Amino acid sequence: MGESLTRAGYTTRPLRPADTDAVMELLMLTSAWDIRYRLREQLRAAAAHDAHLAFVAERDGALLGAAKLAREPAFPGTASALVAVVPQARRTGIGAALAGLLEEGAGRLPGTRTITCTLRDDLSEGRAFAEGRGFRVTNHSVGRLYELPAHGERLAEAAARSATLAHVSVRAATMEDEGRTIMECAGRCLEGAKLPFQEGQDFNLDHARRLIPEQAVIMLAESLDGSEPVTCGLTILTPQAASDTWYTIFTGVDARYRGRGIAAAVKSAALLHAYRAGAGSVITHNDETNEPILRLNDSLGMKPALGVWGLVRPLDR
């Protein structure tokens, strides 16, 4: 596991610190949104032999493929896997060799019961590869894209109107200043909500804040019904690297306040914030069974975009 292995025309070996950026970009080919901030953290830990695993395949110093298996503390008992191979080296056995290394090393991640994989839904060959190694699709999230210049400052009117209808005020917040308030609100919003890989999955709110990048903006909705404002919904969005597109990580409403239009209020405010910050578009993903949020996305004028499959494989011990 800790040594290089020469195979048919290529070599597999553990990740080294110098590989991190190239491997991160290769693994990005599997994702429908920018996950570099998570990959960078996981790959650095793998290179330091700390909690995660990562391997590369190379020929004459050229990167042909990469794979990672990383524990996900926010989802106890799970580890997330990705395997990617450069187009010209596919169907040569490299992906299978890298996946085999992850499988062999999975026992080195104590407490891991399930391996998950999130894969963009236009990669049918990648899905077939995963299913051939024991993964099964548990959910499908559809993508939506909102082109901000097409709406412009009309967003301000829409945001104000939706906030009035929902009887909330919406403001921007940051994890640095209001992390506790944000996470407590997120916890209430997750009550009764589907988790990404559904069956039997746990969620650890204390670790969930690591899933939020430093540059993220949080739009908090506060109910105006009582004498004191109560945070009752939020949207978390963040700029994506090397583009003018922002990504919506999460939108949720406290179970006690659902059905009042609060999701529309925080999403509209988030779109307005992104537009005024210079974003060209915002993308989001929602489970295909979440009809209320899908209707809301359509009503806002969002267009279809790449979606993602969620795949799971129980870890055989």
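How much space lies in the largest cavity? The largest cavity holds about 50 Å³ of space, and it is one of the features shown in the views below.

This is a predicted model, in which local features need pLDDT of at least 70, side-chain atom pairs count only at pLDDT 80 or more, and totals for chains, interfaces and linings use all residues. Residues are numbered from 1 along each chain as its sequence is written, and side-chain values use heavy atoms, with hydrogens and water left out.

**View 1. The largest cavity and its lining.** A cavity is a set of points, on a 1 Å grid over the protein atoms alone, where a 1.4 Å probe fits but cannot get out; lining residues have an atom within 4 Å of a point. Grid points are joined across faces, edges and corners, and a volume is the space filled by probe spheres set on the points. The largest cavity is lined by Thr-235, Leu-237, Thr-248, Lys-267, Ala-270, Leu-271, Val-282 and Met-302. Two or more of these lining residues come from each of β10 (230–239) and α8 (262–276), and α8 gives the most, with 3 residues. Helices (H or I, at least four residues) and strands (E, at least two) are DSSP runs, numbered from the N terminus. By class, the lining has 5 nonpolar, 2 polar and 1 charged residues. Here Ala, Val, Leu, Ile, Met, Phe, Trp, Tyr, Cys and Pro count as nonpolar, Asp, Glu, Lys and Arg as charged, and the others, Gly among them, as polar.

**View 2. The second largest cavity.** The count of cavities of 30 Å³ or more comes to 2. About 30 Å³ of space lies in the second largest cavity, whose lining consists of Arg-38, Pro-73, Ala-74, His-207, Arg-210 and Leu-211. This lining divides into 3 nonpolar, 1 polar and 2 charged residues.

**View 3. The second largest pocket.** A pocket is an open set of grid points with protein on both sides within 12 Å along at least five of seven lines. The second largest pocket contains about 720 Å³ of space. Its lining has 33 residues, and Val-83, Ala-84, Glu-125, Gly-126 and Phe-129 lie nearest its centre. The elements β5, α3, β6 and α4 (124–132) each give two or more residues to this lining, with α3 giving the most, 6 residues. The lining is made up of 20 nonpolar, 6 polar and 7 charged residues.

**View 4. The largest nonpolar core around Leu-27.** A nonpolar core is a set of buried Ala, Val, Leu, Ile, Met, Phe, Trp, Tyr and Cys residues joined through side-chain atoms within 4.5 Å. Buried means under 20% relative accessible area, exposed over 50%, and partly exposed in between (1.4 Å probe, protein chains only). The largest core has 48 residues, of which Leu-15, Leu-27, Leu-69 and Ile-94 touch the most other members. Among the elements that give two or more residues to this core are α1 (20–27), α2 (36–47), β4 (62–71) and β5 (78–85). Beyond its neighbours within four places in sequence, Leu-27 is in contact (heavy atoms within 4.5 Å) with Leu-39, Leu-43, Ala-66, Lys-68, Leu-82, Val-83 and Ala-84.

**View 5. Strand β7 between its two partners.** Two strands pair if DSSP finds at least two bridges between them. Strand β7 (residues 136–147) pairs with β13 in the antiparallel sense over 8 bridges, and Leu-145 has Lys-303 of β13 as its bridge partner. Another 7 bridges join β7 to β12 (residues 281–287), again antiparallel; here the bridge partner of Gly-143 is His-285.

View 6. Gln-42 is found in helix α2 and counts as buried because its relative accessibility is 5%. Not counting residues up to four places away in sequence, Gln-42 touches His-52, Lys-68, Ala-70, Glu-72 and Ser-80. Thr-245 belongs to strand β11 (residues 245–253), and its relative accessibility of 13% means that Thr-245 counts as buried. With the same exclusion in sequence, Thr-245 touches Pro-239, Gln-240, Ser-281 and Ile-283.

**View 7. Residues with positive phi.** Most residues other than glycine have a negative phi. Arg-91, although not a glycine, has a positive phi of about 65 degrees; Arg-91 is in the loop between β5 and α3 and counts as exposed, at 72% relative accessibility. His-167 has a positive phi of about 60 degrees and lies in the loop between α5 (154–166) and β8 (168–173). With a relative accessible area of 39%, His-167 is partly exposed.
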